[in-house]
Amino acid sequence: MSTSLIAFIGAAFLIAMAPGPSTVVILRRSVADGRRTGMAAVLGNECGVLLWGLAAAFGLSALLLASQIAYDVIRIAGAAVLVWMGARALWQARRRAGAAAEPAASASVSLRRSYWQGLVTNAANPKAGLFAVSFLPQFVPEGAAVLPTLLLLSVIWALVDLVWYLPVVWLAGRVGGVLRRPSVRRRMEQISGAVLVGLGVRLAVDA
């Protein structure tokens with residue numbers, strides 16, 4: 001394994017460990033609905049990582065660097081998604097406070113919704129695109145074919161991210177039995193909802 005690839009994997013792990021909107025969504029789904037639902041959010045997030053990596057490989061992410069309008073459009077859209085998800089979590093917490101426990105949704109619907117939440121949260125983050133276009137090319141060895149190497153690095157980036165989130169989901173699911181108690185779950189929904197709204201507002205005002 002070349003030195004540049006080892007350095008890339010190490011850097012990708014450090015990036016994965018940095019908390020952000022995706023981490024909040026994955027933890028929320030894992031705690032609230034169990035490991036399977038949390039893994040669906042992880043798979044959605046990794047598809048978003050892979051999409052940004054592919055966009056960087058084909059030069060599409062460079063548009064975010066070249067166009068302030070393109071960046072602002074994605075930034076506002078991403079902020080709206082985060083605020084909507086956070087507001088929805090806060091509303092659910094408030095609704096559960098005065099109601100009996102609701103019957104669980106079907107597994108297929110829950111998994112599908114969780115997957116799309118993970119995907120949209122990552123794909124609607126313009127900072128991920130800027131990071132991809134500035135991060136991946138640094139690890140292309142001199143003389144290597146650029147496009148195939150960037151495609152390979154994109155896949156490795158998604159796999160490293162997946163490896164990091166596997167124990168996170170497992171641990172969250174481990175304590176999920178306690179945290180899924182109605183009173184604790186309402187508090188978790190309130191906290192995660194407030195965090196998502198805060199992250200959305202921060203993204204909206206961050207130029």
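Contact here means heavy atoms within 4.5 Å. The model is predicted.

**Exercise 1. Find which residues Phe139 touches, leaving out residues up to four places away in sequence.**

Step 1. Start at Phe139 and apply the contact cut-off of 4.5 Å between heavy atoms.
Step 2. Skip the neighbours up to four places away in sequence.
Step 3. Read off the partners: Ser4, Ala7, Phe8, Ala11 and Leu153.

**Exercise 2. Describe the largest nonpolar core and say which elements build it.**

Step 1. Count its members: the largest nonpolar core has 20 residues.
Step 2. Pick out the residues with the most contacts inside this core. They are Phe8, Phe135, Leu136, Phe139, Leu153 and Trp157.
Step 3. List the elements that give two or more residues to the core: α1 (3-17), α3, α7 (126-135) and α8 (146-174).
Step 4. Name the main contributor. With six residues, α8 gives the most.
Step 5. Look for a core apart from this one. Another core has six residues, including Ile26, Tyr165, Val168 and Val169.

**Exercise 3. Decide whether Gln117 is buried or exposed, and find its partners.**

Step 1. Locate Gln117: helix α6, residues 107-123, holds this residue.
Step 2. Compare its relative accessible area of 9% with the cut-off: buried means under 20%. Gln117 is therefore buried.
Step 3. List what Gln117 touches beyond four places in sequence: Val25, Arg29 and Met85.
Step 4. Check for polar contacts. The side chains of Gln117 and Arg29 make one, at 3.2 Å.

**Exercise 4. Place Leu60 in the chain and on the surface.**

Step 1. Find Leu60 in the loop that runs between α3 (35-57) and α4 (62-66).
Step 2. Take its relative accessibility, 54%. Exposed means over 50%, so Leu60 counts as exposed.
Step 3. Look at the patch that includes Leu60. Leu51, Leu54, Phe58, Leu60 and Leu147 form a nonpolar patch on the surface.
Step 4. Give the area of the patch: together these residues have about 470 Å² of accessible area.

**Exercise 5. Sum up the whole protein: how many helices and strands does it have, and what share is buried?**

Step 1. Count the elements: 10 helices and zero strands.
Step 2. Turn to burial. Of the 207 residues, 41% count as buried.
Step 3. Take the contacts between residues at least 6 apart in sequence. Of these, 86% join residues at least 24 apart.
Step 4. Finish with the surface. The accessible surface comes to about 10800 Å², and 70% of this belongs to carbon and sulfur atoms.

Technical notes
Residues are numbered from 1 along each chain as its sequence is written. This is a predicted model: local features need pLDDT of at least 70, side-chain atom pairs count only at pLDDT 80 or more; totals for chains, interfaces and linings use all residues. Side-chain values use heavy atoms; hydrogens and water are left out. Patches are made of residues with over 30% relative accessible area and no salt bridge: like charges are joined within 9 Å, nonpolar side chains (Val, Leu, Ile, Met, Phe, Trp, Tyr) within 5 Å. Accessible areas come from the Shrake-Rupley method with a 1.4 Å probe; for residues, only the protein chains shown count as cover. A salt bridge is a side-chain nitrogen of Lys or Arg within 4 Å of a carboxyl oxygen of Asp or Glu. Helices (H or I, at least four residues) and strands (E, at least two) are DSSP runs, numbered from the N terminus. Buried means under 20% relative accessible area, exposed over 50%, partly exposed in between (1.4 Å probe, protein chains only). A nonpolar core is a set of buried Ala, Val, Leu, Ile, Met, Phe, Trp, Tyr and Cys residues joined through side-chain atoms within 4.5 Å. A polar contact is a pair of N or O atoms within 3.5 Å; within protein, one must be able to donate a hydrogen and the other to accept it, and residues adjacent in sequence count only if both atoms are side-chain atoms.
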